[in-house]
Each structure stands twice: as structure tokens, then as C-alpha cells.
Amino acid sequence: MALKRGLSGAGIHKNRAGGSGFRSPIALVIFFTVLAPLIFFVGRGLFTNTSIDQSNIPAVSSKQDLDWRERLALRHVKSLLSKEVIDVITSSTADLGPLSLDSFRKNNLSASWKVIGAETSVKQNTTSESQKAATVAKQEAARGKGDGVSDDHSEFIDTPAKLARRQLREKRRAKRAADLVRQDDEAILKLENSAIERSKSVDTAVLGKYSIWRKEIENENSDSTVRLMRDQMIMARVYISIAKMKNRLDLQQELQIRLKESQRAVGEAMADSDLHHSAPEKMKAMGQVLSKAREQLYDCKLVTGKLRAMLQTADEQVRSLKKQSTFLSQLAAKTVPNGIHCLSMRLTIEYYLLPPEKRKFPGSENLENPNLYHYALFSDNVLAASVVVNSTIMNAKDSSKHVFHLVTDKLNFGAMNMWFLLNPPRKATIHVENVDEFKWLNSSYCPVLRQLESAAMKEYYFKANHPTSLSSGSSNLKYRNPKYLSMLNHLRFYLPQVYPKLDKILFLDDDIVVQKDLTGLWSVNLNGKVNGAVETCGESFHRFDKYLNFTNPHIARNFNPNACGWAYGMNIFDLKEWKKRDITGIYHKWQNMNEDRVLWKLGTLPPGLITFYGLTHPLEKSWHVLGLGYNPSVDRSEIDNAAVIHYNGNMKPWLEIAMTKYRSYWTKYIKYNHPYLRSCNLSE
């Protein structure tokens, strides 16, 4: 009623004011636009807080306190929206309303929280399902008695729509979790399958047993016990020396006894399976003695000093063994196996028992025919030469167009002839010559022969004070290989003199295997160069400075130290261009300058690099793959795709020191069931 009085007072004042009648409408406008909404929202807030704090008040009394404007708005909303939509809106906004004590009661608060001024909700949380159902029914009835307006703020319970939405959310979460688990399983399965496929490509012949999931206990050749016993023996030696130093003779003797027992138990074992059955007992006894020695003798400084001294001694032994190994490998490389020597002797005897008319090869008219494919092969190894010829012919498209010019020494001349008389290479032409019958090849014409006959060279090779024992190493032995003393090795610089009627010739070493048809090499355009060869340099590897002495002014002035090296072993030579440029004369010039070996050491590659400097055309690398005589990691795909593979190095395929993984490429061209090979015990 205060409001009415205020209004009536305003009206009286207005009437009294006379000319100011416009004030009453302005006051009404201010009241309805500002004060009325303010009163409405404040009242609504008080009502909401009251309904939240006193949640046990029936829904009917709450609806009676609603303003008539709210009831009108709710009626229109109800007519526009269905009950399900209203329930969804109510449930989605129930937790976003004003802060109240009930919102705290709904959450699981910790025990340190305490609600002041309100009753505890423990009883409400422990109400049975029947009481909750009764409450829901009572609320539904209360909503039915009202004038159609529902008030969901009176009770904080889950409506059916809210329950349905929660169930849908749980189902979606479960589905997402299942999808993620399935995706993880599929990814793991793919990784395992790819790992298995990669493991199949591993060369087990090189790496041994391989498994991406291998465990130590699954290793068939486990050596953990062997290594432990060897470690015990090392520490036993350390404590023996310390015990002797400290005059503990009893402990020293006990350690020596256990050390001898462990040495006998381990022996030459490399794996646990090789150990003696008494090894575990010996290891246990040694461990007890070492524990005792540690308690009585351990001194950090002394133990460290002894271990360092033992390490230095072991390092010196390793270096000595490496020298001996190099010495022995070079010694083995320059020896002829008994089987090959036996084969040469038997063939030689058979050849000289033949009548002269049966010692000739057919096809002599092909020897100077420039339209055929000519090969030059200089060798004193009958078996190696047979592999070169057989592999070339077996991979040739037309064997009748191939001519092999073999040159050997007087000792193996009969054997080389007899072998190819007994085993003719299909329709190919064979011609064997003796290098000792080349009358033009003498010391007055050839600088190498003159140098080999000199006193200085004989002293270099044969003087007694040069180191030749195992302990002295191999620094000088590598240059005493007989191939450096044989003119067969230097004959490659005299090809136009040996074959004056030929235009092109393919030079082959006797430690190669041909795997493809080589006739394409005769059609390679050398672009005016003399020598066609495969280059061997990569970054700083196999460049000129590796072979030549660039401290010498003659070398430094004429050659580039970074020039790329190339390989002897498969070279196509243009003999016409050779004669035009006088290649043999260039070779003689540099060979005379190197009489004291100041430009390069012995061998044929360094003078070859000098002689053909700027005159070598690089061939595709697939024509010639090297390293099978020294490199254990040559790629298999390169070997399989190569036209020629080369066993350059000490580990020749006919020697026992040959690498097993490469030997089959060579042995498949040998008929080991041949009677001569069987009688000389030559086998795979």
C-alpha cells in the first residue's frame, strides 16, 4: 500500500504544481522500465534461493509464489515445446544454476568439509529405492495439481531423460574405449608382422641365430658362465700378486690351486655347453676364495694398478697376434695349395706324353680375326684359369665368337695346354703361349726385367737380415710376393707387342668369375681413351695419393692426388689408340724413374694409374665388382647383378683362407668329379 500512497502523493503534488503535468507519465515510464524488472529479478532470486535451501517445500506452494508474468511465459513455452524437450533443457541446466548447499550435497566432498546451518544429507543418500520412487510419484502428482507449470528447481533428482542421456554417454564411452583397444591391437599386430618380415631378410649365415624377441636364456650358445669364470681367473691373478706382495703365502697357494682348477674346467670352451660338468662347482669354490681374498687383501690402489698392468700386457699381445695373423695370411696367399700343384704336375706329364700332332688346338685361323671377341689371360694357376674360361663361355650367347689368349710360364705351359685339350670350352678358341719364348721381352727392352735382375732388387728380396719371422711382422713381406717377380704380372703393359694384329682386347685377371655375357664391352665408346675400367674411388678412398708418393716432385708436378683410381682385373683396351699414344713408352719412362722405388712401391696398379692417367674411360660399376678377397661386407645384390666379380686381396677362392660366403660363386664352375681333381684331393 506504500506504493499507492507514493503515487497518490505524486498526483496531488502534480495538481498543485500547475504547469508541470508531464512529470506523472515520466515517473510511470521509469517505474515500469527500471524498477519493475529490478524488483522482479530480485524477487526471483530470493524465490530461487528459498526453493533451493528448502527443498522439502511442496511444488504447489512454490507455484503460488510465482509472478503472473512468469506463469504466462511458462504457459506459452509449454505450448511451443514438448515435455521431452523441456526435460532435456531442465536436466542440462540443473547443475549450472545458482550456487547452493544442495549442489555441495550432490558432490562427493571430502570429510574436511562441513556444511553449517543445514541438516546433513546422509539420510537422503541412504534412502532406499522405494522411498525414492515414492518421492518421484509425489512430485509427479504435485505437478498434476498445478496449472500446468512445472518447477524442476524444487528437487535435485535424475529425470528419465537425464538417465537416458547418461546411459547414452556411457555407451559412447564404452564404444570409444573398445575402438581404441582394437586400433592398438591392430597397430601392434602390424608392427609384429613387419618385424617378422624384416627378420626374414637378415642373412643368418653371417649373423647367426637372430630373433627380434631373443632373450639371453634362449641363446643356444650362451657363454655367460664361461665369461664369469674367466673374470674370476683375472681377479685371482690380481689377488695372487697382492698376496705375494703382502707375504700371505697360505692365501696365495689357495688362490693358485683354484686358478688351476678353473683353467682346466674352462679349457678352450667358447660356450657354456662346452664346459666340463664340474665347472659350476669350480666356479663356486673360486667365488668363496675370492670373497675371502677381498676381505683380507683388497686395496683399491693396488687392484687398480694390477688390472691396468694386465690390460697393457693384453694389448701388446693383441698387437703381436695381429702382426702374426697378417704375416700368415700373406704367407698363405703366396703359396700354391698341394692340390693345385698336384694337378699341374699330373697334367704336365700327360701333355708331354702326347704325340706332337695331338698337342694343337683347333681354330687357329681365329687367333687374329679382329671381328671376334678376344680375351687376354695371364696366369700360372691352371684351376683358376679354367674357372675364368668356363664362366665366360657358359654365360656367352655365342661361344664360337670368343677367342682366349692364355699366357703362362714354362713350368705350367704343359699343364695349361693339357687341361683345355681334355676340357675344350664348347666352340670357343683356345691359344696357350709360354712367356719365356717371347724373345723381344728382355732386360735391354723391359725396365722391370732389368730391375729384377739388379743386385739392389735381389738384396731387397732375399737379404737374410730382412725380417721374415712370425714375431717380426709383415711390413716387408707383402712386397715379396712372387707375383711381383713374375713377368706374367707385368705383361699387361705389352699387349700390342703380344697381339700386334688385334684392334681391341679384353684383359682378365685369373681371380675373377664372369657371370654375364661380356660382348657388350666391345661396343662401348671409349671416347678416344685407351683403357676402359671401373673406377674404385669413393670420397678419399682409392685415390692417387694412396698409391703414389706425392712428396716426390715428379709425382706432385704431374698428377692430381685426388684423381680417381680404377681397377685392374677386367679392362677393355683399344690397341690402335694404344699404339698411337705410345702407352708402352710412357710406362718405360716412369718405370725407369722408379728404379729405387721412390715413386711407388712394387706392383702393377701404381704404374698403371700413371701410364693411363687421363686416358681411362670409366665403365658402369655393374660391369666389375671388387673386394671378394678381403671385404666381408660386399652387398649381395651388387654381387648378383655384376657381370664380373673379382677376388682381389689375399683370400683367393682356391685357398683355405677364402671367405666361405663368397666361395660358391667360384666353385660352381669347377667339375669336382673330374678324375684329375679327385686324384689330387681337390674338393669343395
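I started with the terms: helices (H or I, at least four residues) and strands (E, at least two) are DSSP runs, numbered from the N terminus. With that in hand I looked up N527, which lies in the loop between β5 and β6 (531–533). Phi of N527 is near 55°, a positive value in a residue other than glycine.

Before going on, I noted that this is a predicted model, where local features need pLDDT of at least 70 and side-chain atom pairs count only at pLDDT 80 or more, while totals for chains, interfaces and linings use all residues. Residues are numbered from 1 along each chain as its sequence is written, and side-chain values use heavy atoms, with hydrogens and water left out.

Next I checked the whole chain. I found 30 helices and 10 strands. Buried residues (under 20% relative accessible area; exposed is over 50%, partly exposed in between; 1.4 Å probe, protein chains only) make up 37% of the 684 residues.

Then I went to R426. I found it in the loop between α17 (413–422) and β3 (429–434). R426 isn't a glycine, yet its phi is positive, about 55°. Is R426 buried or exposed? R426 counts as exposed because its relative accessible area is 55%.

I also looked at R172, which sits in helix α9 (residues 160–200). R172 is partly exposed because its relative accessibility is 46%.

Last stop was helix α29 (residues 660–667), whose buried residues are Y662, R663, Y665, W666 and T667. I asked which elements they pack against. The buried residues of α29 pack against α16 (382–394), β5 (512–514), α28 (636–641) and β10 (644–646), with contact meaning heavy atoms within 4.5 Å.
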